[in-house]
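Here is a short briefing for a first look at a protein complex. Keep the viewer open and find each residue as you read.

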Amino acid sequence: MPDTTPTPAVLQISAWRRLKDHTATAFAIATVVIVLTPLVAIFGYLVYKGIGSINVAFLTQIPKPPGEVGGGMANAIAGSVLILAIASLLGVPLGIGAGIYLAEYGRNRFGDTIRFVSDVLNGVPSIVIGIVAYAIVVLRQKHFSALAGGVALAIMMVPTITRTTEEMLLLVPNALREAAYGLGVSRWRTTLSIVLRTATSGIITGVMLAFARVAGETAPLLFTAFGNQYWNWKLDQPTAALPLQIFTYAISPYDDWHRQAWAGALVLIILIVSAVAAVRFAVRRGTLGGVA
Amino acid sequence: MANQALPQPRLKGPQPVAKQEVKKHLNPLLKSSDGVFADRVFGWLILGCALVVLAILGLIVWQLVSRSQPSWHAFGWKFFGAQDWDPVNDQYGALPFIYGTLVSSLLALIIAVPLAVGVAVFTTEMCPKWLRGPLSFTTELLAAIPSVIYGLWAIFVLVPILRSYVQPFLAKSLGWTGLFSGPPYGIGMLAAGIILAIMIIPIISSIAREVLSVVPQHQREAALALGATRWEMIRMAVLRNARAGIVGGVILGLGRALGETMAVTMVIGNRPEIAKSLFAPGYTMASVLANEFSEAAGDLYLSALIEIGLALFLVTIIVNALARFMVWSVTRGQPARARA
């Protein structure tokens, strides 16, 4: 059919340009598909292999000698909890404290330095942190220990918590601070009871992000916590950890250990996700009016 | 308010107890109003926390530098150029590890950058609004998976696929380049590069998305008004504006890839050799630390490993500082995630 009102030449889009446009769109969609494929593959395979492998023995027993079928990772799960508890006890207060400093006192050169340093620390490879924890704790104690593992993970938690705490505190309206000062409340009281209180849920979210990040860390534990085939609750003894055990079992030649590595991986993911979800849920119910 | 007219504030009822209740709640706040001392203590305490952050960095540098001294004195600069890694004869050269780290990371970037930028462009410019949230959430989920689980998946899924399908195909079609020759083990540099790519895609694409979303809307509208197609608009108005930020994101991904340990250690083959073929096993700086550190007997051996750690530390710091600066130069003045 002949076109009665021809499009002005300026607005005409040549077939070539149109083709390029469509190609670009197709390419973008293809990248999304390619990127999502491994995600689906990893999660799907993890759940598929993991669910078939988790059983009561896995959750309640300690490892059998190499090559024997059976046993479990109960000691590694407990060890991970122990190491993460140490890391949180050390890292969370420090990180929040440094974050408070940056938000409430840190509008100066020194604050900028701390900000830069914590960004730098965030990028330090975890294995290097492991070396440092080895140097300052293991060499002093003369053997591998849960404490060393906890120190390594704490060092990794601090910069993340510092920066998110600062970000959250800066969201608290200045009017609240001024209102408190106006009532004659001292600065430290204002910071703790008004500012920090208001930002609680945001800060806890930041803490959980840091926690989830270190909970799956393996590299810094290799030569700090080291791993252990038996139960251990002493802070100054080598301790098993779930990620370590997954690593050891994955590169072993035994089929049953491969099965347990998958089970361990699924348990690890479930632990991380449920810890984060539980805290988020508790926070949402507790302080609904908080920031973020 | 009606309450203002009442003689007494009604807090929990008209009982005289109420007054005490109010006092009990107010007192701890007001009692400290003259707490200059407490204020000072709190200030010092908080400053202490901030100083600890500084101290941690100092501690890392000091420990790495002082403990790598024996190796530095024994080998000097030759340490980074020598190829032999021989704990038995106490001869250490880090070149194979440096080579492995660089090649696996570059390979990862070559694979990851087009994909990550494509995903970012799709999420900010093309995708329907309802899909935007779930899509960015899913990509970020990839970042939450622990490294050791990536490695586990790579050993049991990726490597067999590479061995039986991808590598024979590459050898047949591109074998003449020399990059894809030799026996297809599955395990090797190629597997390490691919798993690293999967791991850094979320980082690059989330930063690219942030940077793309701060490109002013009127730039897009101007390009479209001049008759540009959507792709031309993206290329000329969006990507050009966001270039520096995207490069920053890529460098940040590089920093992550350089230091990544577990997944790489599990699939790279751990052999300190420099081979041209990507099928051949290799070794990286991070994985030699992971494998040999806890068994390093002898001071020079340990010191050589710590020197590798120091080199890794310095390289990642430089790379990260560069990346932060470039991302910052684009998003400066914009609230982060303003339009996410």
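This is a predicted model: local features need pLDDT of at least 70, side-chain atom pairs count only at pLDDT 80 or more; totals for chains, interfaces and linings use all residues.

The predictor gives the complex an ipTM of 0.88 and a pTM of 0.87. Chain B has 340 residues, of which 44% count as buried.

**Confidence**

- Chain A averages a pLDDT of 89, and 93% of its residues score at least 70.
- In chain A, the pLDDT is below 50 over residues 287-292. That stretch still has 19 contacts in the model beyond near neighbours in sequence.
- Chain B averages a pLDDT of 86, with 87% of its residues at 70 or above.
- Residues 1-6 of chain B have a pLDDT below 50. Beyond near neighbours in sequence, this stretch has 2 contacts in the model.
- Residues 335-340 of chain B also have a pLDDT below 50. Here the count is 8 contacts beyond near neighbours in sequence.

**Layout of chain B**

- Chain B has 12 helices and 2 strands.
- Read from the N terminus, its elements run α-α-α-β-β-α-α-α-α-α-α-α-α-α.
- Take the contacts in chain B between residues at least 6 apart in sequence. Of these, 75% join residues at least 24 apart.

**The nonpolar core**

- The largest nonpolar core has 184 residues.
- Four residues touch the most other members: Ala154(B), Ala191(B), Ile195(B) and Val267(B).
- Helix α7 of chain B, residues 189-213, supplies the largest share of this core, with 18 residues.
- Which residues does Ile195(B) touch, not counting those up to four places away in sequence? They are Tyr150(B), Ala154(B), Leu158(B), Ala263(B) and Val267(B).

**Where the chains touch**

- The contact takes 72 residues from chain A and 71 residues from chain B.
- On the side of chain B that touches chain A, helix α2 (residues 36-67) gives the most, with 19 residues.
- By class, that side of chain B has 48 nonpolar, 19 polar and 4 charged residues.

**Two residues with positive phi**

- Lys142(A) is not a glycine, yet it has a positive phi of about 75°.
- Find Lys142(A) in the loop between α5 (126-141) and α6 (146-170) of chain A.
- Is Lys142(A) buried or exposed? Lys142(A) is exposed, because it has 8 other C-beta atoms within 10 Å, and 12 or fewer counts as exposed.
- Asn270(B) is not a glycine either, and its phi is positive, at about 50°.
- Asn270(B) sits in the loop between α10 (262-267) and α11 (285-292) of chain B.
- Why does Asn270(B) count as buried? It has 20 other C-beta atoms within 10 Å, and the cut-off for buried is 20 or more.

**A residue in a helix of chain A**

- Ala282(A) is part of helix α11 (residues 255-286) of chain A.
- Ala282(A) has 12 other C-beta atoms within 10 Å, so it is exposed.
- How many residues apart in sequence are Ala282(A) and Glu68(A)? They are 214 residues apart in sequence. In space they are 42 Å apart, C-alpha to C-alpha.

Conventions. Residues are numbered from 1 along each chain as its sequence is written. Chains are lettered from A and ligands numbered from 1 in the order in which they are written. pLDDT is the predictor's confidence in each residue, from 0 to 100. Two residues are in contact if their C-beta atoms, placed from the backbone, lie within 7 Å. Helices (H or I, at least four residues) and strands (E, at least two) are DSSP runs, numbered from the N terminus. Ala, Val, Leu, Ile, Met, Phe, Trp, Tyr, Cys and Pro count as nonpolar, Asp, Glu, Lys and Arg as charged, and the others, Gly among them, as polar. A nonpolar core is a set of buried Ala, Val, Leu, Ile, Met, Phe, Trp, Tyr and Cys residues joined through C-beta atoms within 7 Å.
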